[in-house]
Amino acid sequence: MEIDIWSLLSDVVLLLSACLVMGGVFSRLGQSPLVGYLLAGMFLGGPGSLHLVKSEHEIEAIAELGVSLLLFSLGLEFSISRLRKLGPVPLVGGVLQVVLTLLAAAGIAYLFGYGSGEATAIGAMVALSSTAVVLRTLLERHELETPYGSNALGVLLIQDIAVVPLAILISLLAGGDDTGSVMTNIGRVLAVASGLIIGLYLLLNVVAYYALSALELARNRELTILLSAVTGLGSAWAAHKAGISPALGAFVAGMFLGSSPYATQVRADISPLRVLLLTLFFGSAGMIADPVWIVQNALMLFIAVAVLLTLKFVIITLIFLCFRNLLQTSLATAVCLSQVGEFAFVLGRIAGDAGVITEATLNLFVSVTIVSLFLSPFLVAKANRIARWILKLFPKAIIASSRTSPHEIPHPDVLIVGFGPAGQIAGRAAVERNLVTTVIDINRSNIRKAGQLGMYGQVGDASQFDVLEHSHIGSVKVVVITLPNVRSTIAISDIIRQLAPQAHIIVRSRYQRDTDEILSSGADIVFGDELEVGQQIGNHLCDWISSYQRKQNPDVMPPAIE
């Protein structure tokens with residue numbers, strides 16, 4: 001059947017235009033643009049839509065390349081050193097989260113009558129959270145450096161890496177549920193994957209490296225763009241011809257190319273193409289969902305969303321409690337990661353193409369994922385507040401989580417909230433002057449460091465009345481708040497002013513624009529990172545200019561620089 005290229009182009013432009021408008025609207029509302037892309041596809045094409053986009057299958061085929069480039073990018077980012085920097089807790093926690101969520105969700109699906117293969121695919125889809133939504137929201141709110149933000153980052157990184165083995169798992173299920181078919185499929189996939197890995201390794205690390213070096217790749221931007229396209233799309237094509245997922249072939253190619261000196265430039269070059277194709281992918285994924293079906297089955301859909309959110313929330317909370325995180329940190333981490341993420345579309349498409357799940361199941365979980373993504377920005381933005389609300393239901397848990405020292409904390413002269421680099425400098429100055437100093441931090445490693453420096457440490461959230469009262473806030477002379485999050489800083493400053501009106505409150509602020517709001521909350525003085533850094537840069541600049549002028553005109557006295 002001949003493809004009408006102009007009709008296809010018209011549909012692509014229409015879908016991209018709708019994604020542009022809807023993505024912008026949802027971004028303005030504080031939502032992820034992905035939700036706008038999905039809704040644009042839902043209403044333009046597919047069942048129950050306006051049927052303005054006719055070339056659904058052709059757009060889906062083009063959008064598959066977006067998935068391949070996404071996995072190619074993940075391969076470029078794959079680095080053992082990057083994993084080590086996050087520490088063992090979020091990484092091991094991430095592995096446990098993926099495995100336990102998959103097993104739990106698959107078990108529930110099996111109890112509801114799904115076959116073992118389909119239930120496993122459902123568990124794989126549910127196990128992953130939304131990297132795009134969670135990281136964007138945490139970055140915008142400057143909460144990525146918080147303990148629950150660090151936990152979320154580590155788990156999301158593991159989930160991104162887990163896409164590949166989960167996709168392989170789904171491919172293995174394509175042969176059927178019986179043991180013989182699965183084992184045959186395992187042998188086939190392993191044989192093909194091994195050949196592809198060896199071939200790509202030789203091509204990218206031997207042939208291409210020396211050939212491109214001879215072509216002076218580093219000095220020709222056009223050649224790096226061609227390298228990106230040939231490697232990413234070519235490896236996807238090779239994997240497809242070999243009978244395995246194109247996304248897996250692209251990931252392997254990206255992983256090998258990621259160790260080359262061209263990795264940074266390749267990442268930059270494929271970014272625009274990846275954004276374009278991924279937008280088409282999410283638009284085409286939205287076409288699977290039926291808005292009429294969603295309205296007719298709204299109750300069942302929201303029950304399914306509530307069950308899945310609760311399931312992931314409980315599992316993640318228990319995992320991080322086992323790693324001796326504070327209850328509030330564990331709860332906040334779980335709230336951030338409880339949604340079903342965009343990779344559910346990737347795995348769902350692979351499972352649907354392989355015949356592992358039915359079209360009805362794919363439609364249900366695409367709808368669940370859309371609703372889940374719609375709720376995600378609200379949940380992530382309010383994660384810490386939701387965790388505090390839950391803690392209020394369990395007052396004993398608050399007391400237990402705020403008293404980690406076996407000895408009674410003495411009445412301090414100085415209280416430091418947040419023991420990062422700025423807090424440590426302030427703490428050392430206080431100890432050198434023989435002032436009794438107490439540190440409150442939600443991170444246990446920082447509390448251990450405070451103890452080593454001769455200070456008293458208390459693990460807890462200083463925005464809780466019980467935590468501050470236990471630290472004898474009423475006798476404190478000076479409070480130093482060095483938290484990176486301005487909302488937490490303002491809340492703590494306001495509480496301290498109520499509990500200890502005599503205390504002199506010193507606050508470190510990351511941005512100068514927040515100074516007035518912090519002062520109005522009760523702080524006595526604010527030191528802004530931007531102002532302090534700017535002054536240091538200005539002083540250095542003046543010194544350098546004076547030195548430069550003396551060298552140029554040694555007999556002339558340089559003018560004073562104010």
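Helix 6 and helix 16 run roughly antiparallel to each other (angles under 35 degrees count as roughly parallel, over 145 as roughly antiparallel, 65 to 115 as roughly perpendicular and the rest as oblique). The model is predicted, so to speak of local features takes a pLDDT of at least 70, and side-chain atom pairs count only at pLDDT 80 or more, while totals for chains, interfaces and linings use all residues. Residues are numbered from 1 along each chain as its sequence is written, and side-chain values use heavy atoms, leaving out hydrogens and water.

**Exercise 1.** Find at what angle the axes of helix 6 and helix 16 cross, and how they come together.

*Solution.* 
- Step 1: Locate helix 6 at residues 116-127. Helices (H or I, at least four residues) and strands (E, at least two) are DSSP runs, numbered from the N terminus.
- Step 2: Read the geometry: the axes come within 8 Å and cross at roughly 160 degrees. Axes are lines fitted to C-alpha atoms, for helices over the stretch in contact, and angles run from 0 to 180 degrees between N-to-C directions.
- Step 3: List the partners. Ala-121, Ala-124 and Met-125 of helix 6 touch Ala-344, Leu-347, Gly-348 and Ala-351 of helix 16; contact means heavy atoms within 4.5 Å.
- Step 4: Sort them by class: 6 are nonpolar, 1 is polar and none is charged. Ala, Val, Leu, Ile, Met, Phe, Trp, Tyr, Cys and Pro count as nonpolar, Asp, Glu, Lys and Arg as charged, and the others, Gly among them, as polar.

**Exercise 2.** Work out how helix 16 and helix 17 pack.

*Solution.* 
- Step 1: Helix 16 covers residues 343-354 and helix 17 covers residues 359-381.
- Step 2: Their axes lie 10 Å apart, at an angle of about 175 degrees. Helix 16 is therefore roughly antiparallel to helix 17.
- Step 3: On the helix 16 side, Ala-344, Phe-345, Gly-348 and Arg-349 meet Leu-362, Val-366, Thr-369, Ile-370 and Leu-373 of helix 17.
- Step 4: This contact has 6 nonpolar, 2 polar and 1 charged residues.

**Exercise 3.** Is Val-53 buried or exposed, and where does it sit?

*Solution.* 
- Step 1: Look in the loop between helix 2 (33-44) and helix 3 (56-77) to find Val-53.
- Step 2: The relative accessible area of Val-53 is 1%, so Val-53 is buried. Buried means under 20% relative accessible area, exposed over 50%, partly exposed in between (1.4 Å probe, protein chains only).
- Step 3: Leaving aside neighbours within four places in sequence, the contacts of Val-53 include Asp-11, Leu-14 and Met-287.
- Step 4: Leu-15 is 38 residues away along the chain, yet its C-alpha atom is 7.4 Å from that of Val-53.

**Exercise 4.** How many disulfides does the structure hold?

*Solution.* 
- Step 1: Recall that a disulfide is a covalent bond between the sulfur atoms of two cysteines.
- Step 2: The structure holds 0 disulfides, using a cut-off of cysteine sulfur atoms within 2.5 Å.
- Step 3: Now look at two cysteines. Cys-19 has 1% relative accessibility and counts as buried, whereas Cys-542, at 22%, counts as partly exposed.

**Exercise 5.** What share of the protein chain is buried?

*Solution.* 
- Step 1: The protein chain has 25 helices and 6 strands.
- Step 2: Of its 562 residues, 49% are buried.
- Step 3: One buried example is Leu-257, at 3% relative accessibility, which lies in helix 11 (residues 246-257).
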